[in-house]
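Good morning, and thank you for coming.

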Amino acid sequence: MEQSDKSSVGSIIGTIIIIAVIILGGLYFWGKRMEESKAKLKLLQESSQQTATTSEKSEAAVIKSVSPSDELDAIEADLNNTKLDGLDSELNVQLQ
């Protein structure tokens, strides 16, 4: 009986060790995946900030090119050249 008790205890310990290794491996891969997703998110945020900076510079250049004249024709030309397409894009980014 001692022989069978030792073998059953050994198999239980072996099973526990195998389960522990599987759990630790799963935690390792899960942590790795979380780090990768954080890195991708950070890269996307940096990219969007750079794009916003570039578009802000181009918009600033357009604003600087506005005529200083107070004549109606000059004001109308400035209004026609003003782009209003992406006016609410900042609001959409902030809501998400």
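How many helices and how many strands does the chain have? The chain has three helices and zero strands. Read from the N terminus, the order of its elements is α-α-α. Please keep in mind that this is a predicted model.

The chain holds 96 residues, and 2% of them count as buried. Its accessible surface amounts to about 9300 Å², and carbon and sulfur atoms account for 62% of that area.

Ile 19 belongs to a nonpolar surface patch of about 630 Å², together with Ile 23, Leu 24, Leu 27, Trp 30 and Met 34. Is Ile 19 itself buried, partly exposed or exposed? Its relative accessible area is 44%, so Ile 19 is partly exposed, since that class runs between 20% and 50%.

Next, the aromatic rings. A pair of such rings is described by two quantities, the distance of the centres and the angle of the planes. The chain has one aromatic pair. In this pair, the ring centres of Tyr 28 and Phe 29 are 5.3 Å apart and the planes stand at 70°, so the arrangement is edge-to-face. Tyr 28 and Phe 29 are both exposed.

Finally, the charged surface. Which residues form the negative surface patch? They are Asp 70, Glu 71, Asp 73 and Glu 76. Of these, Glu 71 is placed in the loop between α1 and α2, the latter being residues 72-81. Glu 71 counts as exposed because its relative accessibility is 51%, and the exposed class begins over 50%.

Notes:
Residues numbered from 1 in each chain as written. Predicted model: local features only at pLDDT ≥ 70, side-chain atom pairs only at ≥ 80, totals over all residues. Heavy atoms only, no water. Patch = residues over 30% accessible without salt bridge, like charges linked within 9 Å, V, L, I, M, F, W, Y side chains within 5 Å. Areas by Shrake-Rupley, 256 points an atom, 1.4 Å probe, with all protein chains shown as cover. Salt bridge = Lys/Arg side-chain N within 4 Å of Asp/Glu carboxyl O. Buried < 20%, exposed > 50% of the residue type's maximum accessible area, 1.4 Å probe, protein only. Helix = DSSP H or I, 4+ residues; strand = E, 2+ residues; numbered from the N terminus. Phe/Tyr/Trp six-rings, centres within 6.5 Å; stacked < 30°, edge-to-face > 60°. Lys, Arg positive; Asp, Glu negative; His and termini not counted. Charge placed at Lys NZ, Arg CZ, Asp CG, Glu CD.
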